[in-house]
Amino acid sequence: MRFIGSSHRHPGLRGAVVVALVVAGIAAPSGWAAPSKIAPALQIVATLPDLAALVQAVGGPHVHVTALAAPNQDPHYVDPRPSLMLPLSRAHLLVVNGLQLEQGWLPPLIRGSRNSRIQPGTTGHLDASFFVQRLQVSTAPLSRAMGDVHPGGNPHFVCDPRASARVAKAIGERLAQLDPAHAAAYLAQTTAFVAQLTAIAKAQRSRFAKLPVPRRRIVSYHRSLPYLLDWLGLQEVATVEPRPGIPPSPAHTATVLTTMRQLGVTVLVQEEFYPRRVSQTLAKLVKGAVVVLPGGARFDRGETYVARLQRTTAALYAALGG
Ligand SMILES: [Zn+2]
């Protein structure tokens, strides 16, 4: 369950309700994972669980964070059920991934929330993609023709701690702007978190660099891994989907198999929310394996962004023969 709570103007009452729910054995809401008696000043909604985990890392006890998508949901295709409008209607800040990742489901929710604070272009609307170095930006005119769901560049950057460090910095500065009373705390926490992400990024890159080159080649399902692969020095030789958002055809699957055999690639990597049937068939044919990565931080269970990175790199390193 996700506890939405009463108005932020009555933090004491809401805190009491949360305590009552926890005592009653009902799961605590994600944003209340940290034991603290401080009433959160800001209500924040993030579209993805990873973005929610970044907000929590820099906001600490001063923010209450809700994620709209779950880690086992494809972020391109979230069901825009009306219940998601409730946290949006109360939010002081909405953090979105951008690059059209949420294009198919978020705009009607934002409009339906009737919350002027979080509309695009306002201080209460933060587009994370504005702060990262984008990969796979097409020079062709923007179009979703042919089913390509990445028309403006690859939107799957939150699995890369280097991109997330930039996003965390932007979030920390925005929190300081929206809640000046806690600005010093936000900025100090942001500095510490960015340093932690930078150290993890460097350490994991060195670790993967020690793998022999043939072991550093993989096939992915969707083109959702370029930032992760770029960070870890890995190479994607093919994708099971012929284009982002288009299911594999037998002809395309045959070309992927040929590529895997020619290059001796035996590992297919995909997030938990993609179909596995074709990948498993390919893995069987090359006597390889399908590695299933987290679709994001298990924010609803209190998992931190750093723990999510550890889970991702551990699964990948084990599969590549490290
Ligand atoms: Zn995608």
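Hi everyone, let's start with the parts list: this protein chain has 10 helices and eight strands, where helices (H or I, at least four residues) and strands (E, at least two) are DSSP runs, numbered from the N terminus. What we have here is a predicted model, in which local features need pLDDT of at least 70, side-chain atom pairs count only at pLDDT 80 or more, and totals for chains, interfaces and linings use all residues. Residues are numbered from 1 along each chain as its sequence is written.

Let's turn to the sheet. Four strands form an open sheet in the order S6-S5-S7-S8, with parallel pairing; two strands pair if DSSP finds at least two bridges between them. Strand S6 (235–239) and strand S8 (289–293) are at the edges with a single partner strand each, so one side of each has no neighbour in the sheet. On average, neighbouring strands here are turned by 35° against each other, direction ignored. For angles, axes are lines fitted to C-alpha atoms, for helices over the stretch in contact, and the values run from 0 to 180 degrees between N-to-C directions.

Strand S5 (residues 217–220) runs parallel to S6, and four bridges join them. Within that pair, Arg217 stands opposite Gln235 in S6. Across S5 and S6 lies helix H8 (residues 250–263), running at about 150° to S6. Helix H10 (residues 305–319) also packs on the sheet, where it touches strand S7 (267–271) and S8, and its direction makes about 170° with that of S8. Contact means that the C-beta atoms of two residues, placed from the backbone, lie within 7 Å.

Now for the inside. Of the 322 residues in the protein chain, 43% count as buried. A residue is buried if 20 or more other C-beta atoms lie within 10 Å of its own, exposed if 12 or fewer, and partly exposed in between, with C-beta atoms placed from the backbone.

Which residues have the most contacts inside the largest nonpolar core? They are Ile44, Ala46, Leu54, Val55 and Val95, in a core of 75 residues. Such a core is a set of buried Ala, Val, Leu, Ile, Met, Phe, Trp, Tyr and Cys residues joined through C-beta atoms within 7 Å. Leaving aside neighbours within four places in sequence, Val95 has contacts that include Ile44, Leu126 and Ile171.

One last stop: Asn72, in the loop between strand S2 (63–67) and helix H3 (85–90). Asn72 counts as partly exposed because it has 13 C-beta neighbours inside 10 Å.
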